[in-house]
Amino acid sequence: LFDSSLVQAEAARALRNLCEDNPQAMSKVIEAGAVPTLIDVMKTKSNELREGVGSLLRVLSPTWSQLQVDRLRSDSLPDRVDAAKLLRRLAAVNTEQRRVVVAAGALGPLVELMKADSG
């Protein structure tokens with residue numbers, strides 16, 4: 001038997017090493033939809049898994065957050081709603097990720113979404 005959380009932690013660390021200073025690898029991991037899964041995994045009880053995933057999120061989240069902020073400005077309401085939900089989930093991970101979301105420029109577009117139907 002093996003501990004799947006240890007395997008997942010090692011996979012996350014390997015992805016982190018591959019993505020660090022490698023925009024092409026980072027883009028492929030982001031395009032594969034990894035970030036929402038990583039956010040979910042951060043709720044695990046395994047400290048080792050959270051550490052491995054957290055290190056990968058530190059590499060991916062600035063670029064991913066910027067992509068979501070761009071979606072907040074989309075003409076598509078479903079895209080804007082989805083981006084807002086995803087950014088909320090990332091910001092709920094920890095203080096570091098909240099800072100990433102703010103640094104990506106999410107506050108202005110989120111405030112604009114609040115104003116959209118208030119009139």
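Is Lys 43 buried or exposed? Lys 43 counts as exposed, at 66% relative accessibility. Here buried means under 20% relative accessible area, exposed means over 50%, and partly exposed lies in between (1.4 Å probe, protein chains only).

The model is predicted: local features need pLDDT of at least 70, side-chain atom pairs count only at pLDDT 80 or more, and totals for chains, interfaces and linings use all residues. Residues are numbered from 1 along each chain as its sequence is written, and side-chain values use heavy atoms, with hydrogens and water left out.

Ten salt bridges are present in the structure. A salt bridge places a side-chain nitrogen of Lys or Arg within 4 Å of a carboxyl oxygen of Asp or Glu. One of them joins Lys 43 to Asp 40, with 4.0 Å between the closest N and O atoms. Asp 40 is partly exposed, its relative accessible area being 39%.

Arg 71 takes part in a salt bridge with Asp 79, at 3.5 Å from N to O. Arg 71 also forms a salt bridge with Asp 82, where the closest N and O atoms are 2.8 Å apart. This second pair ties together parts that are eleven residues apart in sequence, because Asp 82 lies in helix H5 (residues 77–91) and Arg 71 in helix H4 (residues 47–72). Helices are DSSP runs (H or I, at least four residues), numbered from the N terminus. Arg 71 is partly exposed at 22% relative accessibility. Asp 79 is partly exposed at 31%, and Asp 82 is partly exposed at 32%.

A network of salt bridges links Glu 10, Arg 13 and Glu 48.

How values were computed
Helices (H or I, at least four residues) and strands (E, at least two) are DSSP runs, numbered from the N terminus.
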